[in-house]
Amino acid sequence: MKNIIINSKQFDISNIPEDTPLLWAMRDYLNLTGTKFGCGVSMCGACTILLEGKAIRSCQTPLSEVIGKSVITIENKEDKEVNTLRKYWKEEDVAQCGYCQPGQIMNAAGLLKSNTKPTENQIIEAMNGNVCRCGTYNKIKTAIYNASKEI
């Protein structure tokens, strides 16, 4: 039996082809639809999740690379960084259309797990590659900075 742990819950993935991208395994087989499909080539960041605490693009990560590992998605209700970011996302009224926001929050959570007190430039650099068609970048930066003060 092959397993993956997503948001502290174990899933049997024996019936999913191992070359299936993690994004589609989560969305189509495990009914975890919070992670979004954007470009499909790791360029926009909409599909960002945390694998073993590090931000990755799930659209280009085959299931074979995550067997037996721990994944955190936007659906996680227990992760300190994700929850704190959600709080400040609301305070800053970041979301407009909202489509990219799960990937933005997960990429920011990856940053805050590796650097709890990032500078403005470190936030900008870390978030480079997560595209927001609504242009909410300044609000995202402020939300991450404010979340870092609480974490």
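User: Between which two elements does the loop that holds S42 lie?
Analyst: The model is predicted. In it, S42 is not a glycine, yet its phi is positive, at about 65°. S42 sits in a loop, and the elements on either side of that loop are α1 (22–29) and β3 (48–51).

User: Is S42 buried, partly exposed or exposed?
Analyst: Buried means under 20% relative accessible area, and exposed means over 50%. The relative accessibility of S42 is 27%, so S42 counts as partly exposed.

User: T33 is in the loop between α1 and β3 too. Which residues does T33 contact, leaving aside neighbours within four places in sequence?
Analyst: T33 has a relative accessible area of 36%, and therefore is partly exposed. T33 and T116 are 83 residues apart in sequence, and their C-alpha atoms are 28 Å apart in space. With neighbours within four places in sequence set aside, the contacts of T33 are R27 and E75.

User: Which strands do the buried residues of α1 pack against?
Analyst: The buried residues in α1 include L22, L23, A25 and M26. Just after this helix, N31 has a positive phi of about 60°. The strands that the buried residues of α1 pack against are β1, β3 and β5 (70–72).

User: N7 has a positive phi as well. Is N7 buried or exposed?
Analyst: The phi of N7 is near 55°, and N7 is not a glycine. N7 lies in the loop between β1 (3–6) and β2 (9–12). A residue under 20% relative accessible area is buried. The relative accessibility of N7 is 17%, so N7 counts as buried.

User: How many residues of the contact between α3 and α5 are charged?
Analyst: On the α3 side the contact has Q101, Q104, A108, L111 and L112, and on the α5 side I140, I144, A147 and S148. By class, six of the contact residues are nonpolar and three are polar, while the number of charged ones is none.

User: What is the handedness of the crossing of α3 and α4?
Analyst: The axes of α3 and α4 come within 10 Å and cross at roughly 130°. That angle is why α3 is oblique to α4. The handedness of this crossing is right-handed.

User: How many nonpolar residues does the contact of α3 with α4 have?
Analyst: From α3 come Q104, N107, A108 and L111, which meet Q122, I123, A126 and M127 in α4. Three residues of this contact are polar and no residue is charged; the nonpolar residues number five.

User: Which residues does W89 contact, leaving aside neighbours within four places in sequence?
Analyst: W89 is one of the residues that touch the most other members of the largest nonpolar core. With neighbours within four places in sequence left aside, W89 is in contact with V94, Q101, Q104, I105, I140, A143 and I144.

User: How many residues are in the other core, which lies apart from this one?
Analyst: Its members include I16, A25, M26 and L32. A25 and M26 are buried residues of α1. The size of this other core is 16 residues.

User: How far apart in space are K139 and E92?
Analyst: K139 lies in helix α5, and its relative accessible area of 33% makes it partly exposed. K139 touches E92, D93 and V94, not counting residues up to four places away in sequence. K139 and E92 are 47 residues apart in sequence, and their C-alpha to C-alpha distance is 6.1 Å.

Technical notes:
Residues are numbered from 1 along each chain as its sequence is written. This is a predicted model: local features need pLDDT of at least 70, side-chain atom pairs count only at pLDDT 80 or more; totals for chains, interfaces and linings use all residues. Side-chain values use heavy atoms; hydrogens and water are left out. Contact means heavy atoms within 4.5 Å. Helices (H or I, at least four residues) and strands (E, at least two) are DSSP runs, numbered from the N terminus. Ala, Val, Leu, Ile, Met, Phe, Trp, Tyr, Cys and Pro count as nonpolar, Asp, Glu, Lys and Arg as charged, and the others, Gly among them, as polar. A nonpolar core is a set of buried Ala, Val, Leu, Ile, Met, Phe, Trp, Tyr and Cys residues joined through side-chain atoms within 4.5 Å. Buried means under 20% relative accessible area, exposed over 50%, partly exposed in between (1.4 Å probe, protein chains only). Axes are lines fitted to C-alpha atoms, for helices over the stretch in contact, and angles run from 0 to 180 degrees between N-to-C directions. Angles under 35 degrees count as roughly parallel, over 145 as roughly antiparallel, 65 to 115 as roughly perpendicular and the rest as oblique. A crossing is left-handed if the near helix is turned anticlockwise from the far one by less than a right angle, and right-handed if clockwise.
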